[in-house]
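Here is a friendly walk through a protein model, meant to be read with the sequence and the structure side by side. Please have a look at both before going on.

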Amino acid sequence: MPEARLGRTKEEVLKDFRTDEIVQAARRVIAELGFADASMERIAHEAGVAKGTIYLYFRNKEELLAHVAEHGFAVMLERARAAAARERSAEGKLAALLRAGLAHSSENQAIFRALQEQRLLAPESPAPLAATLERNLERLVSFVAGVIEQGTRSGELRACDPRRASRFLVESMRGAILERLREPSRTSVQADAE
């Protein structure tokens, strides 16, 4: 099907492709070197583009990190949605999405460490990164709240404020992710999800 039928120009398709290549290169470099040592020059080299080309797509390294975080979150959320969809009960859905989130963080520890390092080094995260992280957190809380609300309506879960319960659960998951970063081999994903 021609791109025009999909409502996208060749330029838009090329821009998306190039942006994805740069984000993937940034993920590899940040995973290898950490955020502080991941230079735009090194990322450009990894992506096979000139350093100036990166600045056509991203204003600075912080904006690029925000795109890296957004990409990783999108993959994790899709994985969590798919895992939850395979389960019938609310409890099973919640456990599945926890396992998916913890597994994703374990498989992408270097990126999670880099994000954590950036947040620790600069408690007031750069605006693009802070906005992306907040938006992603809200999307996850909304998704989990929907699962909790369905479980409450079906009688599987006791009545509660779904958003508040979701926030508690998501914050617990974030805590488990941080603990797993500190001691990666201490417990299994399954044990932490339970």
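Predicted model: local features only at pLDDT ≥ 70, side-chain atom pairs only at ≥ 80, totals over all residues.

Residues are numbered from 1 along each chain as its sequence is written, and side-chain values use heavy atoms, with hydrogens and water left out.

**The whole chain**

- The protein chain has nine helices and zero strands; helices (H or I, at least four residues) and strands (E, at least two) are DSSP runs, numbered from the N terminus.
- Read along the sequence, the pattern is α-α-α-α-α-α-α-α-α.
- Taken along the principal axes, the C-alpha atoms fill a box of roughly 55 × 45 × 30 Å.
- Of the 194 residues in the protein chain, 40% are buried; here buried means under 20% relative accessible area, exposed means over 50%, and partly exposed is in between (1.4 Å probe, protein chains only).
- Among contacts (heavy atoms within 4.5 Å) between residues at least 6 apart in sequence, 67% join residues at least 24 apart.

- The buried residues of α1 are Thr19, Ile22, Val23, Ala25, Ala26, Arg27, Val29 and Ile30.
- As a reminder, an α-helix has 3.6 residues a turn, so residues three or four places apart point the same way.
- After α1 comes Gly34, with a positive phi near 85°.
- Helix α4 (residues 61-85) packs against α1 at an angle of about 95°, with the axes 9 Å apart; axes are lines fitted to C-alpha atoms, for helices over the stretch in contact, and angles run from 0 to 180 degrees between N-to-C directions.
- The two helices α1 and α4 are therefore roughly perpendicular, a label for angles of 65 to 115 degrees, while those under 35 count as roughly parallel, those over 145 as roughly antiparallel and the rest as oblique.
- On the α1 side, Asp20, Ile22, Val23, Gln24, Ala26, Arg27 and Ile30 meet Leu64, Leu65, His67, Val68, His71 and Gly72 of α4.
- The residues of this contact divide into seven nonpolar, four polar and two charged; Ala, Val, Leu, Ile, Met, Phe, Trp, Tyr, Cys and Pro count as nonpolar, Asp, Glu, Lys and Arg as charged, and the others, Gly among them, as polar.

**Helix α5**

- Helix α5 (residues 90-107) has 18 residues that should span 26 Å at 1.5 Å a residue, and its end C-alpha atoms are 26 Å apart, which agrees.
- Because 14 of its 18 residues are buried, α5 is largely enclosed by the rest of the structure.

**Glu156, in a loop**

- Glu156 sits in the loop between α7 (127-154) and α8 (162-182), and at 43% relative accessibility it counts as partly exposed.
- Leaving aside neighbours within four places in sequence, Glu156 is in contact with Arg88, Ser89, Ala90, Glu91 and Gly151.
- Glu156 and Ala90 are 66 residues apart in sequence, yet 6.7 Å apart in space, C-alpha to C-alpha.
- A polar atom of the Glu156 side chain lies 2.7 Å from the backbone nitrogen of Ala90.
- The side chains of Glu156 and Ser154 make a polar contact (3.0 Å); that term means a pair of N or O atoms within 3.5 Å, where, within protein, one must be able to donate a hydrogen and the other to accept it, and residues adjacent in sequence count only if both atoms are side-chain atoms.

**Asn136, in helix α7**

- Asn136 is found in helix α7, and it counts as buried at 4% relative accessibility.
- Not counting residues up to four places away in sequence, Asn136 touches Ala69, Glu70 and Phe73.

Methods. Expected span 1.5 Å × (residues − 1).
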